[in-house]
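The sequence and model are shown first.

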Amino acid sequence: MSALVVYESMFGNTKRVADAIADGIAEHLPVETVEVSEAPTEIPVGVELLVVGGPTHVHGMTTVRTRASAALRATSPLLSRGSGIREWLEKARPKMKATPAAAFDTRINGPAILTGSAAGGFARRLRSAGFRLVGPSRSFLIRSKAPQEDALVEGELAAARAWGAALATPIEAKVRG
Ligand SMILES: Cc1cc2nc3c(=O)[nH]c(=O)nc-3n(C[C@H](O)[C@H](O)[C@H](O)COP(=O)(O)O)c2cc1C
């Protein structure tokens, strides 16, 4: 019984959120956090919760083009330099039917109608791939005018930790029976 957090991150903000979510999950379940290029496409038996997240680019999931644009803007090498969550979800399948899963993104602080959100696309693809979504997707917010690598709105890491703990609580309870 364990959880797996898979993230994509250009400048490090989504990675920090993924790590905080994992800290929250770890209060209830053993958890591993992996960058998307290292993530298995066959989710092993024993993974009772999959959490997937990445940055919002051009109102949705990253593409080859938006990642290239991020690289041009970056002041240091990107964390995720290969393909993204969009491409990984074309191949990722649960080995155990209906493995519980949840999606998150990072996006600019503002109305979602203006910023867009990658998490909806992640959630749709997770469902099509045969995962069972547990709860609504979640956005964690960044400041638009902030140092690239340190742009999270205050309080978002604590919120991410709480979200991770809330996702894992019912799974721990079910597994313990
Ligand atoms: C090419 C590009 C396009 C972006 N488009 C959007 C967007 O449409 N909406 C939004 O809220 N944020 C947008 N952003 C901001 C990203 O969401 C932000 O850089 C990201 O959440 C930071 O996470 P990271 O450090 O893990 O990459 C964009 C960023 C880049 C580099």
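In which loop is Thr62 found? Thr62 sits in the loop between strand E4 (47-55) and H2, where helices (H or I, at least four residues) and strands (E, at least two) are DSSP runs numbered from the N terminus. The model is a predicted one, in which local features need pLDDT of at least 70, side-chain atom pairs count only at pLDDT 80 or more, and totals for chains, interfaces and linings use all residues. Residues are numbered from 1 along each chain as its sequence is written.

**Surroundings of Thr62**

Thr62 is buried, because 25 other C-beta atoms lie within 10 Å; the term buried requires 20 or more other C-beta atoms within 10 Å of the residue's own, with C-beta atoms placed from the backbone. Leaving aside residues up to four places away in sequence, Thr62 touches Glu8, Gly54, Pro55, His57, Arg67, Gly84 and Arg86. Contact here means that the C-beta atoms, placed from the backbone, of two residues lie within 7 Å. Gly46, 16 residues from Thr62 in sequence, is 29 Å away in space, C-alpha to C-alpha.

**The chain as a whole**

The protein chain contains 6 helices and 8 strands, in the order β-α-β-β-β-α-α-β-β-α-α-β-β-α from the N terminus. Buried residues make up 45% of the 177 residues. Of the contacts with a separation of 6 or more, 79% join residues 24 or more positions apart.

**Ligand shell**

The shell around the ligand holds 21 residues, of which Met10, Phe11, Thr14, Thr106 and Thr115 come nearest; a residue belongs near a molecule if its C-beta atom, placed from the backbone, lies within 6 Å of it. H2 provides the largest share, 4 residues.

| Element | Residue range |
|---|---|
| Helix H1 | residues 13-25 |
| Helix H2 | residues 64-73 |
| Strand E6 | residues 100-108 |

**Helix H6**

Helix H6 (residues 156-176) bends by about 25 degrees at Ala168, and Pro170 follows within four residues; the bend is the angle between axes fitted to the seven residues ending there and the seven starting there. Its buried residues are Glu156, Ala160, Arg161, Trp163, Gly164, Leu167 and Ala168. Their cover includes strand E1 (2-7), H1, E4, E6 and strand E8 (138-142). Just after H6, Gly177 takes a positive phi of about 65 degrees.

Technical notes:
Buried ≥ 20, exposed ≤ 12 C-beta atoms within 10 Å, placed from the backbone.
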